[in-house]
Amino acid sequence: MPDVCVLCKERAQSEQDFDTRAIHFKCQTCGDYWITRNLADDEPEALAAARFALAPYLRHENLQGTIPRLDSENWKQSAARYRNVSLQQKMDRILDYISSRTTEYRQVVTIPVVQDFPLLLARSYQEAFALLAETDRLGLISCDNTSGGGWSGYLTLEGWNVSQTGHQNYRPNQCFVAMWFVKDLAAIYTSVIEPSIRKCGFDPVRIDKLQYNDKVCDRILAEIRRSRFLVADFTGHRGGVYFEAGFAMGLGIPVIYTCQADHMKDAHFDTNHYNHITWTDGADLGERLTDRIQATID
Ligand SMILES: [Zn+2]
């Protein structure tokens, strides 16, 4: 029976269930999870290579009170949600981590970085320490002490204010859709774009579908900022779509460009060299969008 975690190869508690042919690991870093024997035996290298994306997924599921079960069918999709998280999203996550453990101003929070770096969406504890230092340099947090593989500190007034907006929490399943809100495109959204995104395991968010009270623009920026990726359809060449795609790019969030073929000739010269999916009808768009999503987020 293996007593090393199949993901990080460090020592971990494990037990086997011979009926379901699965192994239960409790790893300090990667979390509490089940994995089928088939997957553990068939793909050891791919699993080890994906550990930086699987560990954040497993640790977050554990925080929600669930013990995930990785199998040959689901593991790639689970990892895709936490691949290529942008640096901005990782720093936002640091604020969220500290703020969720803070009840009074200047309360010192200790992060056991060597074990908890996956909860900060970092690839390693070294990256987590570097991001903590950078967030400190920006004046959002203040370090009290680093010792024994941990970090202690608190939110500054500025960090407190940013975290109170509640908008900085990364949503690994979320895809923001930027497009022209016009009747002709409504059917393309509901019959093609939305189901294509769901098929890849993500939840599409379109701002006109949300209920909200704060200013629309703030909400748009917040929803983009926490999204895993963005689908931007340039049909009609609305200024808002260009703005939203540019904002996402600036934050290092992947953008998938689409445009109806007839409208491509009017594409702005700043973006017309990006690799757009130029579509003629819904059937044409659906399959290519699904392929592009999978290629972009993997
Ligand atoms: Zn592990």
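Mentor: Begin with a bridge. This is a predicted model. In it, S142 stands opposite Y154 of strand 7.

Trainee: How should I picture the side chains along a strand?

Mentor: In a regular strand they alternate between the two faces of the sheet. Keep that in mind as you step along strand 7.

Trainee: What is the strand order in the open sheet of three strands?

Mentor: The order is 5-7-6, with antiparallel pairing. Strand 5 (109-111) and strand 6 are the edge strands, and each pairs on one side only. From one strand to the next, the twist averages 25°.

Trainee: How many bridges hold strand 5 to strand 7?

Mentor: Three, again in the antiparallel sense. One place to look is V109, whose bridge partner in strand 7 is G153. Then look for what packs on the sheet. Helix 7 does so, touching strand 6 and strand 7. The direction of helix 7 makes about 145° with that of strand 6.

Trainee: Now the helices. At what angle do helix 5 and helix 7 cross?

Mentor: Compare the axes. Those of helix 5 (residues 87-99) and helix 7 (residues 125-137) cross at roughly 80° and come within 10 Å. Angles from 65 to 115 degrees count as roughly perpendicular. The two helices are therefore roughly perpendicular to each other.

Trainee: Which residues make the contact between helix 5 and helix 7?

Mentor: Helix 5 brings K90, M91 and I94. Helix 7 brings L131, L132, E134 and T135. By class, the residues of this contact are four nonpolar, one polar and two charged.

Trainee: What about the open sheet of four strands: what are its order and pairing?

Mentor: Read the order first, then the pairing. The order is 1-2-3-4, and the pairing is mixed. Next, find the edges. Strand 1 (13-17) and strand 4 (69-70) each have a single partner strand, so one side of each is left without a neighbour in the sheet.

Trainee: How many bridges join strand 1 to strand 2?

Mentor: Five, and the two strands run antiparallel. Q13 has K26 as its bridge partner in strand 2. Q16 has I23 as its partner there.

Trainee: How many residues lie between strand 1 and strand 2 in their hairpin?

Mentor: Four. In the turn, R21 has a positive phi of about 50°.

Trainee: And strand 2 with strand 3: how many bridges, and which sense?

Mentor: Six bridges, and strand 2 runs antiparallel to strand 3 (residues 31-36). A22 stands opposite T36 of strand 3. Three residues make the link in the hairpin that joins these strands.

Trainee: Last, step back. Into which domains is the chain divided?

Mentor: Domain 1 covers 13-80, domain 2 covers 87-164 and domain 3 covers 174-297. For spacing, compare the centres taken over C-alpha atoms: those of domain 2 and domain 3 are separated by 32 Å.

How values were computed:
Residues numbered from 1 in each chain as written. Predicted model: local features only at pLDDT ≥ 70, side-chain atom pairs only at ≥ 80, totals over all residues. Axes fitted to C-alpha atoms, helices over the stretch in contact; angles between N-to-C directions. Parallel < 35°, antiparallel > 145°, perpendicular 65-115°, else oblique. Contact = placed C-beta atoms within 7 Å. Nonpolar A, V, L, I, M, F, W, Y, C, P; charged D, E, K, R; others polar. Domains from an automatic or database assignment. Pairing = 2+ DSSP bridges.
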